[in-house]
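Here is a friendly note to read alongside the model. Keep the picture open and look for each point as you go.

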Amino acid sequence: MTGELDVSALAINVTIPEALRWTDSRRGEAFTLTTLNIRLLPDGRLAVKAYGRPVAGGRGAYVSFPVPDRPELAVLVTDAAGRAGELWAAHRGLG
């Protein structure tokens with residue numbers, strides 16, 4: 001295939017290590033954030049949102065939360081994006 005391909009999204013999900021997890025609330029319900037969704041934007045920057053489970057238990061809604069501006073979380077995002085790039089570059093094709 002020749003020409004420029006339009007890749008509309010590159011996203012990865014990363015488990016937040018236990019020591020870096022935090023809680024946040026939405027609509028009066030507290031959530032423990034356990035997963036990051038990291039997207040590579042068309043201009044090369046990264047965007048990230050956090051997802052988790054209600055502290056009280058149950059499934060809860062699939063609601064995104066902003067990621068706090070903490071150096072250790074920034075390192076996690078950067079390292080995860082780099083690792084994803086390595087994995088993509090080493091792919092072995094279909095099947």
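Predicted model: local features only at pLDDT ≥ 70, side-chain atom pairs only at ≥ 80, totals over all residues.

1. Follow the sequence and they come in the order β-β-β-β-α, with helix H1 covering residues 71–89.

2. Next, the overall shape. The C-alpha trace spans about 50 × 30 × 25 Å along its principal axes. The radius of gyration is 16 Å, whereas a compact globule of 95 residues would have one near 12 Å.

3. How much of the chain is buried? Buried residues account for 24% of the 95. The accessible surface is about 7,100 Å², and carbon and sulfur atoms contribute 54% of it.

4. Now the contacts. Of those between residues at least 6 apart in sequence, 43% link residues at least 24 apart.

5. On charge, the protein chain carries 11 positive and 10 negative side chains, and the centres of these two sets are 8 Å apart. The structure has four salt bridges.

6. One of them joins Arg-83 to Glu-86, with 3.1 Å between the closest N and O atoms. Both sit in helix H1, three residues apart, so about one helical turn separates them. Arg-83 is partly exposed at 46% relative accessibility, and Glu-86 is partly exposed at 49%.

7. Another salt bridge pairs Arg-21 with Glu-18 at 3.3 Å, N to O. Which partner is exposed? Glu-18 is, at 63% relative accessibility, while Arg-21 is partly exposed at 27%.

8. Finally, Glu-72 and Arg-70 form a salt bridge at 2.8 Å, N to O. Glu-72 is partly exposed, at 35%, and Arg-70 is partly exposed, at 23%.

How values were computed: Residues numbered from 1 in each chain as written. Heavy atoms only, no water. Helix = DSSP H or I, 4+ residues; strand = E, 2+ residues; numbered from the N terminus. Rg over C-alpha atoms; globule rule 2.2 N^0.38 Å. Buried < 20%, exposed > 50% of the residue type's maximum accessible area, 1.4 Å probe, protein only. Contact = heavy atoms within 4.5 Å. Areas by Shrake-Rupley, 256 points an atom, 1.4 Å probe, with all protein chains shown as cover. Lys, Arg positive; Asp, Glu negative; His and termini not counted. Charge placed at Lys NZ, Arg CZ, Asp CG, Glu CD. Salt bridge = Lys/Arg side-chain N within 4 Å of Asp/Glu carboxyl O.
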